[in-house]
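Visitor: I have a structure to study and would like to talk it through. Could you show it to me, please?

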Amino acid sequence: MATDYDAPRKTDDEISEDSIEELKARRVDKSTSSVDVDETEQAEGFELPGADLSGEELSVRVIPRQADEFTCSRCFLVHHRSQLASDKAGVFICSECAA
């Protein structure tokens with residue numbers, strides 16, 4: 001690439017002004033090219049194989065809390081007594097929530 005040494009040179013202020021103008025122009029170009037896409041509409045078009053569970057009835061056997069288990073007051077999961085970290089005034093906290 002040939003350089004024209006006779007052309008007037010720009011000062012540092014002019015160079016920074018040009019670069020700011022170029023950045024503004026790039027920002028406008030990028031914002032106009034983006035398209036708002038609704039993720040829910042896009043996800044409705046996908047159909048997973050074997051995912052039709054509309055006719056299925058699920059049955060789960062529920063076992064009541066055992067004597068050696070407790071329900072954590074923070075995460076509301078049932079844990080074994082070995083995971084009990086705190087028992088203050090009947091408020092049970094598991095070791096995972098206490099950490």
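Visitor: Is cysteine 72 buried or exposed?
Guide: Cysteine 72 counts as buried, because its relative accessibility is 0%. Buried means under 20% relative accessible area, exposed means over 50%, and partly exposed lies in between, with a 1.4 Å probe and protein chains only. Please note that this is a predicted model, in which local features need pLDDT of at least 70 and side-chain atom pairs count only at pLDDT 80 or more, while totals for chains, interfaces and linings use all residues. Residues are numbered from 1 along each chain as its sequence is written, and side-chain values use heavy atoms, with hydrogens and water left out.

Visitor: And how many disulfides are there?
Guide: The count is zero disulfides, where a disulfide is a pair of cysteine sulfur atoms within 2.5 Å. For cysteine 72, the nearest cysteine sulfur belongs to cysteine 75 and is 3.6 Å away. Cysteine 75 is likewise in no disulfide.

Visitor: What about the exposure of cysteine 75?
Guide: Cysteine 75 has a relative accessible area of 27%, so it is partly exposed.

Visitor: New topic: how many aromatic pairs does a search of the whole structure find?
Guide: The search finds one aromatic pair. The rings of phenylalanine 70 and phenylalanine 92 have centres 6.0 Å apart and planes at 50 degrees, so the pair is tilted. Rings of Phe, Tyr and Trp (its six-membered ring) pair if their centres lie within 6.5 Å; planes under 30 degrees apart count as stacked, over 60 as edge-to-face and the rest as tilted.

Visitor: Where are those two in the chain?
Guide: Phenylalanine 70 is in strand β1 (residues 69-71) and phenylalanine 92 is in strand β4 (residues 91-94), so that the pair links distant parts of the chain, 22 residues apart. Strands (E, at least two residues) are DSSP runs, numbered from the N terminus.

Visitor: Which of them is buried?
Guide: Phenylalanine 70 is buried, at 1% relative accessibility, whereas phenylalanine 92 is partly exposed, at 22%.

Visitor: What lies over the face of phenylalanine 92?
Guide: Arginine 81 does, at 5.2 Å from the ring centre. The rule asks for NZ of Lys or CZ of Arg within 6 Å of the ring centre and within 35 degrees of the ring normal.

Visitor: And valine 91, what does it touch?
Guide: Leaving aside residues up to four places away in sequence, valine 91 touches Ser73 and Ser86, contact being heavy atoms within 4.5 Å. Valine 91 is found in strand β4 and is partly exposed, with a relative accessible area of 39%.

Conventions. Helices (H or I, at least four residues) and strands (E, at least two) are DSSP runs, numbered from the N terminus.
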